[in-house]
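My notes follow in the order of looking.

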Amino acid sequence: MASITAERSLREQYPRLASGSEGIDVRELERLRARARRFADEHVRPRALEIDRRTGEDPGWFDWDLVRAGAQAGMLSFLIPKPAGGAGGLSTQAAVVMEELCAACPGIALIFGAHALGISPLLLGGPSQWDGVLAELVASEHSGEPQLMACAITEPEAGTDVEDPDLLRRARITSHAHRVPGGFRLSATKRFISNGSVARWITVLMPTDPRRAAETWTCFLVDTRSEGFTVSRVEHKMGQRACPAAELTFDGVFVPDERVVGREGDGAPETMIVLACSRPPVGAIATGIARGAYERVLSWLEEDRAATGLLERQHVQLALAGMEEEIHLARQLYMDAATELDHAALGSAMSHPAVRALGHVPASIRGRAPVRGWLHSGRARDATVALLHRTTSERAVTRSLALSSMAKARGGDVAMRVTGAALELAGLRAGPLRAELEKLWRDAKLCQIYEGTNQLNRLEVYRGLCRSETIGCLPPLRGHLDTDERAHTNADARAHLDSDALQHASVDGDGGRS
Amino acid sequence: MTETTVAERAEMRAMARELARRELAPRAASLDAGGQDVLAECWRLLVELGLDRALLDEQHGGAGLGVSDLLASIEELAVGDGGIAMCVLLCNAALATLADEQLAEVPWGARWALVPAAPEVEVTVLGGALDGRLACALGAHGAYGLVVLLDGPVPMTWALDTGAAGSRLERDLAQMGLRAAPAASVEVTGAACAPTADGSDGSSTAMSAASALALLRAGTAAIAHGIARRAYEMALEYAHARRQGGVAIIEHDAVSDMLSAMAVRLACWPQIAADNRSEIDQAQALAAKIAATDAAVASTTDAVQVFGGTGYMVETGIEKLMRDAKYCQLFPEPNWVAHDELMRSQRAGRTAMRGG
């Protein structure tokens, strides 16, 4: 099947790129898109229905060969900063890749999307994260045995609540990160975690004090080989099945201080920034799904004997025109949101001269103990936050979040409408096409739910655009937990520390430091 | 057809409701998973109640229900499982078209299905032999017999023994919705078929092909309404139980607005006139099918949204309602084709089209 929309250049699809005002390297973006399209045509589309069938029978089944093929196409590292060996992309690159992959299969695309989501919090950690897991991910991609990431936020009693700082204050949070010498012990159940059962590393958010979840919400980088980590179950989903959604149990999982991403207590604003980054790609996922349905039904109408004469009908012509229109508008929204985020809200921080300068320092030097120690120090983390404050503002990020939310919500609705309309045009008798359209329709529904329900996203639009409110999207210059409080929390934790915890910390090689 | 009393009608509906709640709803997940044993078990219960041949009169072993009574019962069954309700609809529509001598050969409890088809495009009939291929014939897999309805300017029905030489049925494994009415692709190569009774001239008690098609549309509307009722009940219950932002989610306008829209759609249900005639107004059936199935798709989609991520998981059973409702929108024809049919009848200045 010819990819009708993909034949058009990015500039044709998104005319604002033609002005060159967005500071985007369009040629590089075109190359990335072409690579994603080639991977989609050669590996994703041919396997989509079969993987959907197999995972429908066994939700735990996972196609690692596909991930290896994706790794060869660079689908796992486009978001990783260049100093860590990646392509240094941001939301725009992620969005463009997602549309291409989702036009072929949204479930398979989600494997790579959830991986990118897992990486996102690490980008906010700044240079301290370059030489650890990010570099390991790039190395694994090159070795042919790729590692995947996931991001764990949702809990059994808190779904929407954990996506909004105000709701988080009233949420029923059951997770808890206890401070212990040298790090934290995580106790939690996290639900619906995409890639959760196959990820090697997971960025997980939970409070260090559940009574003050919003103020102590913190991001941790968890090694899934850690003692106490288990995959409780893999969910049987309606769609997007190729990417497993898992329930994860953290039973006293030890995380060393070095793997606290950002500062303790900065998790809520970090989540807002991560959502601002991840929602344009979700809008792109939805746009890709709609495009996939549109291209398939148009191709069927043009080529299949069962559809003879249907293209002559005005009803069909109007329906197709409506689809084209909706897809075009959805694409403008996600590209607007992504380019604004990358170049107005966060781009300056990522390309700040100080960051670029550190990027020129060889990894071997950054890895030396004194440099590494400084990069992971509280002062370095404070400096990263200060840099964010210098290069952007809470208003800019709030506005970006609102645009991202608009793109996500609108995209999700477009995906549902277009896949539903395509299915209706084809009907039950459309043979193999029907199965593909039904799958896309099932896949589309998730776009109205994940990354915050569409309703929550539209409330973000209300706050950020209708009311021009500014929400706390940046970590405060001074950490949520000041020195006295930190000392108190540490003393509290030490009092509760048992010998078992000490033993575990010791085994992990990080005991004794706090 | 014999007239049923008001009390009998109410009793039949109550029995269907009870069966749906007690027997079908708990088995809905197994039926959705394609379990043939559980389908056989449910079918046995329906046969015991006489719902498989509800439209037939007592001399043919039927319950003697009128169309509106059957529709009411089907709606109740659909609250339990839309696919089972579709099986009942397809069986009743098929058997209602058969001549007396054909009915006499139908074994007790055998499941039949009425299969609409486009003449010339999908199948042709020549000299009592069927040729062609029918994709996604709902309820055909495992059926004892089929009545193929050729939906042309003059609709006709032909009875086909599924075991007849020249016919081959293959389970449609990709079937997304109404999976308790297992679909099959039907390939016929010179398969012997027999014309059913043509009740259009009133010479027979059997239902005309056009009326059978109208029954499919009205019945599909009833199933869609039953599915939407179930979706509303489940979403309402969940919205009271689930807490976010420190309160039950029904306290959030974003959720209560969706529930309210679902309630409004249910209240605006386009009832088919509750008389006891055996025939249905064609235009009314088309309009009801379009309105009810569109409403069911909107309501079930909203219901999944109320459940959030939980609703996307198969175990909650709410996403199944969405899939079932979507199939109602596509059967016996997609709604855009139904719109077309309706307008064609209006342009011709007829309120009742071919069978009117």
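I counted two residues as in contact if their C-beta atoms, placed from the backbone, lie within 7 Å. The model is a predicted one, and I read every entry below with that in mind.

**Interface.** With that cut-off I found 27 residues of chain B in contact with 30 residues of chain A. I then looked up which elements of chain B give two or more residues to this side, and they are β3 (129-137), β9 (243-244), α8 (282-307), α9 (318-330) and α10 (335-347). The most comes from α9(B), with four residues. Sorted by class, the side of chain B that touches chain A holds 13 nonpolar, nine polar and five charged residues.

**Chain B overall.** I listed ten helices and ten strands in chain B. Its C-alpha trace spans about 70 × 45 × 40 Å along the principal axes. For 356 residues, a compact globule would have a radius of gyration near 21 Å, and the 20 Å of chain B agrees with this. I noted 55% of the 356 residues of chain B as buried. Among contacts in chain B with a separation of 6 or more, 73% are between residues 24 or more positions apart.

**The sheet.** I traced an open sheet of four strands in chain B, in the order β1-β4-β5-β8 and with mixed pairing. Its edge strands are β1 (112-117) and β8 (194-195) of chain B, each of which pairs on one side only. Strand β5 (residues 156-161) of chain B pairs with β8(B) in the antiparallel sense, over two bridges. In this pair I looked up B:Trp158, whose bridge partner in β8(B) is B:Pro195.

Next I checked what packs on the sheet. Helix α4 (residues 82-97) of chain B does, touching β1, β4 (145-150) and β5 of chain B, and its direction makes about 85° with that of β1(B). Helix α6 (residues 209-241) of chain B also packs on the sheet and touches β1, β4 and β5 of chain B; here the angle with the direction of β1(B) is about 100°.

**Strand β1(B).** I found β1(B) and β4(B) running parallel, joined by six bridges. B:Leu114 has B:Val147 as its bridge partner in β4(B). In a regular strand the side chains alternate between the two faces of the sheet. I saw B:Trp112, B:Leu114 and B:Pro116 point one way from β1(B), while B:Ala113, B:Val115 and B:Ala117 point the other way, and all are buried. Since six of the six residues of β1(B) are buried, the strand is largely enclosed by the rest of the structure.

**Helix α6(B).** I compared the length of α6(B) with expectation: at 1.5 Å a residue its 33 residues should span 48 Å, and its end C-alpha atoms are 48 Å apart, which agrees. I also noted that 28 of the 33 residues of α6(B) are buried, so this helix is largely enclosed by the rest of the structure.

**One residue of chain A.** Last, I looked up A:Thr398, which is found in helix α17 (residues 394-426) of chain A. Is A:Thr398 buried or exposed? I counted 24 other C-beta atoms within 10 Å, so A:Thr398 is buried. Leaving out residues up to four places away in sequence, A:Thr398 touches A:Gly464, A:Glu469, A:Thr470, A:Ile471 and A:Cys473. A:Gly292 is 106 residues from A:Thr398 in sequence, and their C-alpha atoms are 32 Å apart in space.

Definitions and conventions:
Residues numbered from 1 in each chain as written. Chains lettered and ligands numbered in written order. Predicted model: local features only at pLDDT ≥ 70, side-chain atom pairs only at ≥ 80, totals over all residues. Pairing = 2+ DSSP bridges. Axes fitted to C-alpha atoms, helices over the stretch in contact; angles between N-to-C directions. Nonpolar A, V, L, I, M, F, W, Y, C, P; charged D, E, K, R; others polar. Expected span 1.5 Å × (residues − 1). Buried ≥ 20, exposed ≤ 12 C-beta atoms within 10 Å, placed from the backbone. Rg over C-alpha atoms; globule rule 2.2 N^0.38 Å.
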